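Here is a friendly walk through one protein model, written for someone who likes to know how each term is defined. Please keep the structure open while you read.

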Amino acid sequence: MADKITLSKKDRMSVAWRHQFLQGSWNYERMQNGGWCYSIIPAIKKLYTNKEDQIAALKRHMEFYNTHPYVSAPVMGVVLALEEEKANGAEIDDQAIQGVKVGMMGPLAGVGDPVFWYTVRPILGALGASLAMSGSIAGPLIFFFAWNIIRMAFIWYTQEFGYQVGTAITKDLSGGLLGKITSGASILGMFIIGALVQRWVSISFTPVVSSVTQSEGAYIDWSAIEGNADGIKTALEQYSSLGADGLNVIKETTLQTNLDSLIPGLAAVCLTLLCCYLLKKKVSPIVIIIALFIVGIVGRVIGIM
């Protein structure tokens, strides 16, 4: 029986170092797949000595991938453990590896932005800026070194954590643990994506379906507003009580208003589901993006969006 192939600490450090450049070849079709594939090359070369096996491994890691560049590290750790077990004969198919990547990248992406972009970096930036404004060279140096030490340490230690967890997962393949984790992570990822649809997808239909003249008192009578501070105060008070509908005598109801009163965000959800359907039918993401641009521009020109 051949000796088990194991990734050494040096191999894993090489992957972690490369993983810092995850977004170096970002593209609109498969996003971070090039950077991911570049990161895992040292491990693939160590685990698979046969060239055909190396090519097959790199091909499965050229699939779509996108998450926060730092919290991607634990995903890489789990995948390294799975690839190690696969190289040693475990029954792990390509779909299982891709399923783990896709299932984990969604939930983790929602964690990375608030932790790094909205908390750690602003705090370090404020500290460095305050020192720099006082004329101290320590300001930019503290920001540069502190940020990169935190970033690199996080990538390494979370990758190691993922690697250890991934090893535990692969030891229980017969018990279905990998399938449960993949399924659970996928469900959580889809839940988060669904919650973000309303925030990130914006579509509005502008055709007016009704115009109603409002009764007196339901709108701001601008002719009665005095052109001084008291008049501005009165206008603001009326706007606060009447809302946006009080700005005009004629209240117009658009198609989008009716859709929002039926189900808020219905158009955004439908557009997202349409894009998912087209992707499932193997339509290129580039084609979908171009089509969305065309539809949006044409819709704006003819006045329906």
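## Helices H4 and H5

In this predicted model, H4 and H5 pack with their axes 10 Å apart and at an angle of about 170°. Helices here are DSSP runs of H or I with at least four residues, strands are runs of E with at least two, and both are numbered from the N terminus. Axes are lines fitted to C-alpha atoms, for helices over the stretch in contact, and angles run from 0 to 180 degrees between N-to-C directions. H4 and H5 are therefore roughly antiparallel to each other; angles over 145 degrees count as roughly antiparallel, under 35 as roughly parallel, 65 to 115 as roughly perpendicular and the rest as oblique.

Which residues of H4 and H5 make the contact? From H4 they are Pro74, Val75, Val78, Val79, Leu82, Glu83 and Lys86, and from H5 they are Asp94, Ile97, Val100, Lys101, Met104 and Leu108. Contact means heavy atoms within 4.5 Å. By class, the contact of H4 with H5 has nine nonpolar residues, four charged ones and no polar ones. In this scheme Ala, Val, Leu, Ile, Met, Phe, Trp, Tyr, Cys and Pro are nonpolar, Asp, Glu, Lys and Arg are charged, and the others, Gly among them, are polar.

Val102 also has its place in helix H5 and counts as partly exposed at 39% relative accessibility. Buried means under 20% relative accessible area, exposed means over 50%, and partly exposed lies in between (1.4 Å probe, protein chains only).

## Ground rules

Residues are numbered from 1 along each chain as its sequence is written, and side-chain values use heavy atoms, with hydrogens and water left out. As the model is predicted, local features need pLDDT of at least 70 and side-chain atom pairs count only at pLDDT 80 or more, while totals for chains, interfaces and linings use all residues.

## Helices H1 and H2

The axes of helix H1 (residues 9–19) and helix H2 (residues 33–47) come within 7 Å and cross at roughly 165°. That makes H1 roughly antiparallel to H2. The crossing of H1 and H2 is right-handed, a term used when the near helix is turned clockwise from the far one by less than a right angle, with anticlockwise giving left-handed. H1 brings Asp11, Ser14, Val15, Arg18 and His19 to the contact, while H2 brings Trp36, Tyr38, Ser39, Ile41, Pro42, Ala43 and Lys46. By class, the contact of H1 with H2 has six nonpolar, three polar and three charged residues.

The C-alpha atoms of Lys10 and Pro42 are separated by 9.8 Å, and the two residues are 32 residues apart along the chain. Arg12, found in helix H1, is buried, with a relative accessible area of 11%. Not counting residues up to four places away in sequence, Arg12 touches Leu7, Trp156, Gln159, Glu160 and Tyr163.

## Nonpolar cores

A nonpolar core is a set of buried Ala, Val, Leu, Ile, Met, Phe, Trp, Tyr and Cys residues joined through side-chain atoms within 4.5 Å. The largest has 25 residues, and those with the most contacts inside it are Trp36, Ile40 and Leu80. H2, helix H4 (72–87) and helix H5 (94–133) each supply at least two residues of this core, and H4 gives the most, with seven residues. Leaving aside neighbours within four places in sequence, Ile40 is in contact with His61, Met76, Val79, Leu80 and Glu83. Apart from this core lies another, of nine residues, among them Val71, Ala73, Phe116 and Trp156.

## Loops and backbone

Gln20 is found in the loop between H1 and H2 and counts as buried at 17% relative accessibility. Leaving aside neighbours within four places in sequence, Gln20 is in contact with Arg151, Met152 and Ile155.

Most residues other than glycine have a negative phi. Met31, in the loop between H1 and H2, has a positive phi near 60°. Lys282 has a positive phi of about 70° and lies in the loop between helix H10 (266–280) and helix H11 (285–301). At 75% relative accessibility, Lys282 counts as exposed.
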